[in-house]
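Hi everyone, thanks for coming. Let me put the structure up, and then we can walk through the sheet and the core together.

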Amino acid sequence: MAFSNFTLVIVLVSGLTMAHFCWARPPLDWKLKYLVAHNTARLKALQPPLVWNDTVAAFARSYAKRRSVDCKLEHSHNPILGENIAMSTGDLSPVQAVDLWVGEKPNYDIGANVCKKMCGHFTQIVWRKTRSIGCAKERCRNGGTFITCNYYPPGNVIGERPF
């Protein structure tokens, strides 16, 4: 089966157009996924957006790698950073992790400034004094996923309100 020169030109131009379209729209950067999810929650709480902090992210990466051995849901206890962690037996996306944490919002009693149930992950995300984050995701040896986001300055200061 022979192609005419016209058909060949159409196929070539279509292919180049599709390649350009794909290159012009790169996939959403993973850092941006964490930031958008966090800043969406902060916007709803009327808090300023967070920025990415490479130093904080380096700590998050180091801790996530350490947890990838056992995938235990244990905090790092870093004294100068706030921290939210999530673990799943399968794959867990950055957005799913942040959604888990933000899902604690109904547990926060704004009037009394107390958690009716667990809500510290949510309050850390919207903490008014926090300005930057760094997050990391690691696949665990058991096939699960461990995600950590660290916050600077940290939130959840006793006696203070998140916003």
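Which residue in S5 is the bridge partner of tryptophan 52? In S5, that partner is isoleucine 133.

Before going on, a word on the source: this is a predicted model, where local features need pLDDT of at least 70 and side-chain atom pairs count only at pLDDT 80 or more, while totals for chains, interfaces and linings use all residues. Residues are numbered from 1 along each chain as its sequence is written, and side-chain values use heavy atoms, with hydrogens and water left out.

Now the sheet. Strands and helices are DSSP runs, numbered from the N terminus, with at least two residues (E) for a strand and at least four (H or I) for a helix. The open sheet has 4 strands in the order S1-S5-S6-S2, with mixed pairing; strands pair if DSSP finds at least two bridges between them. S1 (51-52) and S2 (82-88) stand at the edges with a single partner strand each, so one side of each has no neighbour in the sheet. The S1 and S5 pairing is parallel, over 2 bridges.

On to the core, meaning buried Ala, Val, Leu, Ile, Met, Phe, Trp, Tyr and Cys residues joined through side-chain atoms within 4.5 Å; buried is under 20% relative accessible area, with a 1.4 Å probe and protein chains only. The largest nonpolar core has 23 residues, and Trp52 and Ile133 are among those with the most contacts inside it. Its largest share, 4 residues, comes from H2.

Technical notes:
Buried means under 20% relative accessible area, exposed over 50%, partly exposed in between (1.4 Å probe, protein chains only).
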